[in-house]
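Let's walk through this model together, one question at a time. Have the sequence and the structure open beside you.

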Amino acid sequence: MARHGENIRKRKDGRWEARMICGYREDGRARYKSIYRKTYAEVKAVRNQMMLQMPSGGAPDAEGRPQKTSVAELLAEWLSSVRQNVKESTYSRYQAMIEKHIRPELGALPLGELSEELVDRFVLKKLRQGNLKSGGGLSPKTVTGLLSVIRLALEYGTRRGYGCLSPVMVRNPRQSAPKIQVFTPDEQRKLEAVLLDEDTAVSFGILVSLYMGLRIGEVCGLRWGDFDGENGILYVGRSVQRIPNLEFGTSPSFRAKTKLMIDVPKTDSSLRQIPVPSFLLPIFKRHQTESGFYILTAGPVCPEPRAYYRKYKKLLEKCGLERFNYHALRHTFATRCVENDFDVKSLSEILGHANISTTLQRYVHPSLGLKRRHMDRLETIAVCGQKSGQED
């Protein structure tokens, strides 16, 4: 049973074999080394460690730099260099993109052979059939993320002075504006009726996202100690997500492939304090428990975002609104705020955005009714509008 795209397979004798490039022949063809271990996790961990420690292969150029460094070797070196400077969730995302998509397609190439044409082919293939589960294409946004990793690694190689590295233009695929989901006022009222009827920690968390604009990871990270009931303020200071376990297989104690990560939110601006709407304060105080307990579980156990999302979808089914994802709550909050003439700077800070333009471009989508009301205001300055008023 081979692991797709990793050069790792299970042999008939029960052992796992991983193959890696260990150098190049005079004609430029790669030399491979095989590693054997009892389990997949062990052989993968050893292979990755050897790739990080292995010096770049090939004879040096006139300046003493390696000429036969492969794309895979550069990616491994770059990944090792950034590990201490990025969040663990970011590092694990980089690692997953390299192992699942970039290295299987481009890793065996010597850097000197990497060209714009090959990168363009890589992009086209991923857009058409890059999804490893369904066989369909990856979204332009996902492919852009893969290209960002390639670009960062090439920039690192240039700074390191790899003489074999030729300039490669990395062009992102064209992206259309993402489809934004927003509850209509009627749909929002229908959802609220079910949430108030349920009156559980789960339904309470959904109300918090709907009227305070929190992301699912931020809601899962809330503890009651983050709620200042006296001043009516909620402090958003952590986020929860499930990420690949980087220690998986390195020892018998690390058996889980993924782990729950509790960390600060995605950006510094996401660390914020939000005034709780007065109509929500009684609900907050009714559900409030010990300061160390999580709001969604009413206990010391951290909630699992994926499990919470499934519970959210079940509640939507009761309303006949199952098509909406969780982020639609945040979009709806921002849209209702704009419809009610919120100050955009205040809204941007409540949402945790770094600048106002992000708020306007990404999350705020006024309804047709709001646009019509704004257009009708022109009547006060239009001559034809004034005449129309006189005739009436």
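Q: Is methionine 375 buried or exposed?
A: This is a predicted model, where local features need pLDDT of at least 70, side-chain atom pairs count only at pLDDT 80 or more, and totals for chains, interfaces and linings use all residues. Residues are numbered from 1 along each chain as its sequence is written, and side-chain values use heavy atoms, with hydrogens and water left out. Buried means under 20% relative accessible area, exposed over 50%, and partly exposed in between (1.4 Å probe, protein chains only). Because its relative accessibility is 56%, methionine 375 counts as exposed.

Q: In which helix does methionine 375 lie?
A: Helices are DSSP runs (H or I, at least four residues) numbered from the N terminus. The run covering residues 368-376 holds methionine 375, and that is helix H14.

Q: How far apart are the end C-alpha atoms of helix H6?
A: The expected span of a helix is 1.5 Å times one less than its number of residues. Helix H6 has 14 residues (185-198), so it should span 20 Å. The model agrees, with the end C-alpha atoms apart by 20 Å.

Q: Within what arc do the buried residues of H6 fall, seen down its axis?
A: Glu187, Gln188, Leu191, Glu192, Val194 and Leu195 are buried in H6. The arc is taken from the directions from the helix axis to the C-beta atoms. The buried residues of H6 line one face of the helix, because they fall within an arc of 165°.

Q: Which residues are exposed on the other side of H6?
A: The buried residues of H6 have cover that includes helices H7 (201-212), H10 (305-319) and H11 (327-339). On the other side of H6, the exposed residues are Asp186, Arg189 and Asp197.

Q: What is the N to O distance in the salt bridge of glutamate 198 and lysine 318?
A: A salt bridge is a side-chain nitrogen of Lys or Arg within 4 Å of a carboxyl oxygen of Asp or Glu. The side chains of glutamate 198 and lysine 318 meet in such a bridge, with an N to O distance of 2.4 Å.

Q: How many residues apart in sequence are the parts that aspartate 199 and arginine 286 tie together?
A: The side chains of aspartate 199 and arginine 286 meet in a salt bridge (3.0 Å, N to O). Aspartate 199 lies in the loop between H6 and H7 and arginine 286 in helix H9 (residues 281-287), so the parts tied together are apart in sequence by 87 residues.

Conventions. Helix = DSSP H or I, 4+ residues; strand = E, 2+ residues; numbered from the N terminus. Contact = heavy atoms within 4.5 Å.
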